[in-house]
Amino acid sequence: MEHLPAHRPLTVIQLPDGQHVYADPAALPVQQPTVPQVVHIHQAPPDRTVQRVALGSGVGAGAVAAGVYFGPLLVAALTVIAANLAMLAFIALVLGWAVVTVVRSVGANGSQAAAKRPARKGR
């Protein structure tokens, strides 16, 4: 083991084109300045904005995971509820139409005959 070179830790370096690579800092020709990276929320894609705001405010990974998991789950649940209510409304409409049609057809003969009879006077 003494004949091996000394271990050099690899670090993550961001290249000018934006890619991150593992590199040996001693092998790099010029050290990049360590400037804090600024992430503007308005530049984030819409599906990641909530996660970036949550991580930026220090909420934590649990809240981000809950937002990622329960957000689409909530949308799906509301969609299913809306579909069920629409189906129930359609069934109620059809049943109402059927009841009105049956009542009109059954009651039509009796009501016409009653209208032709003279009115009875009270006793």
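**Notebook: predicted single-chain model**

I read the elements of the protein chain from the N terminus as β-β-α-α, where helices (H or I, at least four residues) and strands (E, at least two) are DSSP runs numbered from the N terminus. That gives 2 helices and 2 strands.

I noted that this is a predicted model, in which local features need pLDDT of at least 70, side-chain atom pairs count only at pLDDT 80 or more, and totals for chains, interfaces and linings use all residues. Residues are numbered from 1 along each chain as its sequence is written, and side-chain values use heavy atoms, with hydrogens and water left out.

I looked up burial next. Of the 123 residues in the protein chain, 6% are buried (under 20% relative accessible area; exposed is over 50%, partly exposed in between; 1.4 Å probe, protein chains only). The chain exposes about 11,100 Å², with carbon and sulfur atoms supplying 68% of that area (Shrake-Rupley method, 1.4 Å probe; for residues, only the protein chains shown count as cover).

I then checked aromatic rings of Phe, Tyr and Trp (its six-membered ring), which pair if their centres lie within 6.5 Å; planes under 30 degrees apart are stacked, over 60 edge-to-face, the rest tilted. The count is 1 aromatic pair. Tyr69 and Phe70 have ring centres 5.0 Å apart and planes at 80°, so the pair is edge-to-face. Tyr69 is exposed at 53% relative accessibility, and Phe70 is partly exposed at 49%.

Last, I looked up Ile81. This residue lies in helix H2 (residues 61-116) and is partly exposed, at 47% relative accessibility.
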